[in-house]
Every structure is written in structure tokens, then in C-alpha cells.
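Dear colleague,

I am passing on the structure we spoke about, and my notes on its pockets and helix packing follow below. Please read them with the model open beside you.

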Amino acid sequence: MASVSSDEWRAVCDKFTNAQNLTVVESRNDPENDPFRSQYKARELLREIYCSLKSFEAGEGEEERGGESGDQRPIEPPVDGQTEEGFGQGFSGDSPAGLRAAKLGAVEYYLGVNHVDTEELSAGQEHLMNCMKLLERCRVSSENVSLFIHVRNQLGILWAGRDETETAQGFLETAESMYQRYMKEDGSPPTDMTEYFTTEENLLTHQERTKRFELAYTHTMYYLAQVYKNLGETERAATYCHTTLQRQLQLNQFSPMEWALNAATLSQYYITKGRYMEGRHCLSAATVISGLAGDVPSEAAAQESETESERREQLRQKRAEIARCWIKYCLNVLQDSKKLLEDSIGELDTDRQEELNSARRLEEEEEEKGRKSALLFGSEDTFDSIASLEEKVRCLLPLDFTDARAVFLVGQNYVTQAKEYFQMDGYVTDHIEILQDHSALFRALAFFEEDLERRCKMHKRRVDMLEPVCNDLNSQYYLMIRRQMMFELAEIYNEMMDLKLALANKQSDTLDNHTIKKFNHLCSASAKYFQMFLDSLCSPDGKQPEHLEEEVLRPALVARFRVARLHSRLISSSPSAQVDNLDRSLEHYKYVVQYCDSHPEAAATVETELELSREMVGLLPLKVNRLKAKMTLNN
């Protein structure tokens, strides 16, 4: 701007610096009753800058602009998604007209962001679109590419906030394409938007320019990850999230706890896809990076400020949440391994185990290759720490008890960490979910245990952790959780009953009184919890529901079937007690059959149980009649 005096230009630069300071620094201290005071002051300064730029432009005369206008071609209003836009048309970015358009566009951009920040979204959109229209007149170059990308990022956020996800996608994908094409065709550190209003001596270094430009593109990646997630493209969203996290580490632009939580959340996606190497890597990185946030401050300091107290609470909570993600990792590894190794009746298939063990060496080699080609997190400072943590837990599915126990112990360690924060007093639901995961870890490990006595003890540990909590919970407030726990306890006692019987049969052909007493106790305990579950479905006056809701339909019918089975399995030397047990059993089998007959849609949810129930409804009366005949003869 040759015709503008250096003093006039310095005044513009000073206004811009003040506007930036008001926006970034002063706004943090605005009072609650005037939360946008600094933003409004910044807006006025930006408007003054805009007026100054227009007056400078008018002062430069029409002759110069007329000479340049021959380069300009008419361009349609921007429809983003057209990724070739702007690379070979309009003013050159470094021409006077190109620089004028970029500077005016930058002010429009900052005014747009200002209005969005003050929750005036329509006005913000108008300013951002004005910026887009000004940039239409220019070819993409190192002088303006940063602004091209920033304005599309902001429009992407704006439209995503209105749930117009596909519109947001268009702006963000164009920003992504522009970055990629610029880096391919030019790649030099581009001018940062703040430099349009900076005096010569305050221009940024090439290194700082590069960092800011890369950060803008990282934001594009981050917003695209959210867009793809909202569009249901989960794999694509995970890829963009992973790239974002890696770029944040490389640029050293991240908040440790926020980064760690995002990495831990991403791990859950990989875990559900059975991609345990990536899941473990994300969790190891999350644990290491969360450590950069420092130690949890001590509670002992009496003069602890409210801010310090909040920070301590946040650190503890977020680390406990990462611990919970580790629990899920260990649990899923064990459960997937169980699915891989179990036979048709849920027991360990030793032939399959041997076959998989033989293939394990090749699998380990593949894991190493996969690790080398994977996108790994970390900088020089953190890479070794992450790798060291990864070595503490395997990502290959365990094939025997020793390997399974190693995974279990890691999971159990994180259970202890998570429970330290999510205590029963204050976090009832979270605490119980952690207990349920702990119980599930024992259940998965028990599958690998060949010793039936030890397996039984593992299930007893599950009872000991769940039973007291289940019985103390208030049914009014925690009905759904209590139902889950009652059903699980019923299944645990059922499993223990089967194990005790299998153990006794191994040791002797006949059952002694002690074993019968133990068996009946476990059988009755299982039936009791199934019945408690069924009673929880009744109305306050104890009436059974005529129609079972979809979410409880299968559990309720399965519970009925199991109670029927359990009553028929009770061991008694008294024929009259046997008849009573079989009558109760028949009553429950009949319920399953009658309910499915009167609600045909229910039959598909319990096909196996219904088939067996129909069979037992036919067989049990014959058995009861035989017992009654025997009793008559004996009398």
C-alpha cells in the first residue's frame, strides 16, 4: 500500500493488535453480567480497520485497479466440495489487488469469528461468507492459503453446530484438499493472517508460520473427525481422530488431559473392532501423556484455592476414566479369546487351543510388522515411555491360563485405580459398572482355569463383590441396575452349582450329604435371585405383568425357564418334596409356553427355551404321576 503513510499503517496495526489482545486475553476477565464486553470492543476496532482499508483502497484510484481487472474471471458463488476452486484463476495472491482482497477478507473473517463467539451466528455467517467472496477473486498462494483454510474451518464448525453436517463436510473437505494441493505445488511457509496487520519488524519466522499453518490443518482434521462420526462413518472418523492426535503431539499443541481422554476414547473404537494393537497403543499413550499434566495436588493443603481443588478433582476423574478404558481393553481381550476357544457347550476346546498355539509364532511376526507400519504416537520424549507401557500387556489374544491371568491382573489393577475415584458414595452407577466389569474379568479368567475347585472360588469372588451391593441398593432409584445384578447373581450361583456337581461326580459315584446340602443351597440361591428379578417386574400389589416390555422380554422368559429347571434339579429323598418341586417347575414351564402362545412375537426371542419348555410340559406330569403312584404304594 504505497500511498498509505507509515504512521497511518502503524495505527491500523496497533488497532489490530489491541483487538487481538481484547479477544484472546482481556475477554477471560469479563464480568458475568457483561460476558462479551471485550469482544464488543474488539469488534469496534475491527470495523474501524475495515473502514481504513476501504478508504486506502479508494485513495489508490481506479486506474491501477482497472489495469488489473483483466486478470479476473467471473466466478460462481462458492459451493464447497469443489476442490479445484481458486488454484488457477483470479488475481495473483501477491499482487496489490490480491493483497487488498486478502486483508479485507481477513477483517471479515475476524468479524465473523467475533460474532460467532458472541452467539450472533447469522451475522457471523454473513461476515465469513463475505470473506469467501473476497477470496474468490484471488488465486490460492502462500499469501492467502492460510485464510482460505481458516474461513472454511469456521464455516464447517458453524454448520456442524446447526446439525447441517453435510454442508459442514463440504467446507472442511475443501479446506483439506486446498492444504494438500498447496503443500504439493508450493509448500513454502505461508503468510499467517495476523501478518496482514503487522509491521515489517514484527513478521513471523518461517518456523512459526509453518507451525500455525499446520495447526490450522490439524483443526480441519479434528472437525472432519467429528463430521464423519456424525455421518456414521466410524472408521473414517477414527482415522482422522488418530491423525489429529498425532499432529497435536508433533506440533506440541495439546492439553495433556484432554489429549489423553481423546486417545483413550479412540482406543474403545479399536477395541470393538478387535484391533487390540492400536487400542493398546492409544491407551498406553493416553496414560503417558496424562502424566504430563503433573501429579494430583495433595488435599492436605488447608489453603487450597477453589481453582486448585477443581484441578485436583479433574485430574483424578480423568485418570480414573482412562483406567476404566484399560479395564474394557483387558475384558474384551479375554472375552474375544474365550469366543475363539470355546466349544459348543462353552468349554475350552483343547484341539482348537493347540492349533492356535501352533500358529502363534507367525501371528507374533505379523504383529511386529503391523506395528512398524502403524501410525504411532509420541515424540522423542514420550515414545520410549509409551512402548514400555505397551510391553506390560499383550495385544494378542491369550491362549492359556498363564497368558489370560497376566491380562486379568492388569485389568484388576485398573479396577482398583478406577474405584479409588468412583466410590459408592457419590458415584453409585459408575462404581457398580466397575464392579460388574471386575466380575466379568473373573468370569472370563475362570474359563481358562482347568481346576474346577479354583474355578468355583473365582465365581465365589464374584458373588462376594456383587451380593452385598445388590441387596443394599434402593429399588426405587436403581431398579434397572438391581435387575442386572440379580440376574447376574442368579447365573453365578447356577454356574457354581454345576461346578460343584461336576467336582463331586469326579470324586465319587454317589453324592454324600454334605455335597447334596451344598448343591441344594446353590440351586436355591440361583432360583431366589431369578425369582427376585421376576418379582421386580410385578406391579406394587404383586400382580404379574400381562405384557412384557421388549427390553425385559427375553430376560424374563429365560428367568422363568431357569427357575423351572432349578426346581426340578433340587435333590430330595422325600417323594412329597420331589412332587412339590416338580409342580413348581411345571408351573414355570407352562408360563413360558402360554405366554409365547398368546404373544407369538415373543417366541423368536426364546426359541431353544420354548422348545424345551413344551417338551417338559408334556413329560413332567408323567413323572409327577409316577412319584404319586410310588407314594401310594409305600403308604
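By class, 15 charged, nine nonpolar and four polar residues make up the lining of the largest pocket (Ala, Val, Leu, Ile, Met, Phe, Trp, Tyr, Cys and Pro count as nonpolar, Asp, Glu, Lys and Arg as charged, and the others, Gly among them, as polar). This is a predicted model, in which local features need pLDDT of at least 70 and side-chain atom pairs count only at pLDDT 80 or more, while totals for chains, interfaces and linings use all residues. Residues are numbered from 1 along each chain as its sequence is written, and side-chain values use heavy atoms, with hydrogens and water left out.

The largest pocket has a volume of about 990 Å³ (a pocket is an open set of points on a 1 Å grid over the protein atoms alone, where a 1.4 Å probe fits, with protein on both sides within 12 Å along at least five of seven lines, and lining residues have an atom within 4 Å of a point; a volume is the space filled by probe spheres set on the points). Of its 28 lining residues, Lys 338, Arg 443, Glu 491, Glu 495 and Arg 562 are the closest to the centre. Two or more lining residues come from each of α12 (306-341), α16 (428-448), α17 (452-472), α18 (479-507) and α20 (550-569), and α18 gives the most, with seven (helices are DSSP runs of H or I, at least four residues, numbered from the N terminus).

The second largest pocket has a volume of about 730 Å³, and among the 26 residues that line it, Gln 20, Tyr 109, Tyr 110, His 150 and Met 193 are the closest to its centre. Its lining divides into 11 nonpolar, 10 polar and five charged residues, and the largest share, seven residues, comes from α8.

As for helix packing, the axes of α8 and α9 (residues 234-251) come within 8 Å and cross at roughly 155° (axes are lines fitted to C-alpha atoms, for helices over the stretch in contact, and angles run from 0 to 180 degrees between N-to-C directions). α8 is therefore roughly antiparallel to α9 (the term applies to angles over 145 degrees). The axes of α19 (residues 513-535) and α20 come within 9 Å and cross at roughly 155°, which means that α19 is roughly antiparallel to α20.

With best wishes

Note on methods
Parallel < 35°, antiparallel > 145°, perpendicular 65-115°, else oblique.
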